[in-house]
Amino acid sequence: MKKKNLAASGLAVVLAAGLGFGYHHVSADDNVPTDTKVNLNQAIDNASKEQAGTVTSVELESRNGNAYYEVDVNDDKNEYDLHVNADDGTVDSRKDDDDDDDDNNQAPQPKVDLKTAAETALAQEKGAALTEISLDEDDGKLEYDVELRNGKEEIEVTVDAETGEVTYTERETDDGDDD
């Protein structure tokens with residue numbers, strides 16, 4: 001299956017409104033601090049203030065022991081990568097993403113927005129923290145790939161971007177072995 005990260009069009013404000021998931025403790029992997037002061041909603045809001053467009057992807061990451069959200073924003077002309085500090089919410093960096101694999105940054109608008117897809121995945125997996133969500137195309141269909149973490153369990157959920165239904169769930173337990 002060929003997957004292609006899409007750069008959707010529209011306003012990020014539509015997606016950012018109401019994305020408060022009511023948690024402040026996020027654990028993406030062993031390298032990301034588990035106690036973040038900024039949640040996903042705040043990261044999207046702050047990135048949206050810096051760059052107008054549609055938020056197409058958000059991921060909690062870590063570099064040199066500092067957690068940050070990488071927020072991808074598309075304005076129909078360019079895609080931008082913004083890094084939002086997970087401790088204080090400041091936008092630490094912003095860069096144009098030279099997306100050579102896309103001839104056109106415009107994409108069809110999904111019927112289901114990022115906020116709704118995130119809420120759907122979290123409702124299915126009570127107690128999990130959302131660590132990444134992205135709008136993708138798989139075999140010509142728009143979908144949201146959502147990554148959740150619940151303790152040592154990593155959960156991948158796919159939400160159909162047209163119907164809002166969960167179409168796939170996979171669980172994997174991190175047993176600490178790197179073999």
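Helices (H or I, at least four residues) and strands (E, at least two) are DSSP runs, numbered from the N terminus. Keep that handy for the tour. What you have open is a predicted model, where local features need pLDDT of at least 70, side-chain atom pairs count only at pLDDT 80 or more, and totals for chains, interfaces and linings use all residues. Residues are numbered from 1 along each chain as its sequence is written, and side-chain values use heavy atoms, with hydrogens and water left out.

**The whole chain**

Start by showing the protein chain as a cartoon. Of its 179 residues, 48% count as buried. Buried means under 20% relative accessible area, exposed over 50%, and partly exposed in between (1.4 Å probe, protein chains only).

Select helix α2, residues 40-50. Its buried residues are Leu40, Asn41, Ala43, Ile44, Ala47 and Ser48. They sit on the same side of α2, because they cover an arc of only 160° around the axis. (The arc is that of the directions from the helix axis to the C-beta atoms.)

Now go to α3, residues 114-124. Here Leu114, Lys115, Ala117, Ala118, Ala121 and Leu122 are buried. Their arc is only 165°, so they too share one side of α3.

**Two turns to click on**

Pick Asp139, in the loop between β6 (129-138) and β7 (141-150). Its phi is near 50°, a positive value in a residue other than glycine. Asp139 is exposed, at 57% relative accessibility.

Next, pick Asn64, in the loop between β2 (54-63) and β3 (66-74). Phi of Asn64 is positive as well, near 55°. With a relative accessible area of 74%, Asn64 is exposed.

**Salt bridges**

A salt bridge is a side-chain nitrogen of Lys or Arg within 4 Å of a carboxyl oxygen of Asp or Glu. The count comes to five.

Show the side chains of Lys37 and Asp87, one of these pairs, with N and O 3.5 Å apart. The two link distant parts of the chain, 50 residues apart: Lys37 is in the loop between α1 (12-16) and α2, and Asp87 in the loop between β4 and β5. Lys37 is exposed at 56%, while Asp87 is partly exposed at 45%.

While you are in the β4-β5 loop, select Ala86. Ala86 is buried, with a relative accessible area of 3%. Its C-alpha atom is 7.4 Å from that of Asn39, 47 residues apart along the chain.

Which residue forms a salt bridge with Glu125? Select Arg171 and you'll see the pair, 2.6 Å from N to O. Glu125 lies in the loop between α3 and β6 and Arg171 in strand β9, so parts 46 residues apart in sequence are tied together. Arg171 also bridges to Glu153, the closest N and O atoms being 3.6 Å apart. Glu153 is in strand β8, so this pair ties together parts 18 residues apart. Through shared partners, Glu125, Glu153 and Arg171 form one network. Glu125 is buried at 7%, whereas Arg171 is partly exposed at 46%.

**Last stop**

Finish in strand β9 (residues 166-173) with Thr169, which is partly exposed at 30%.
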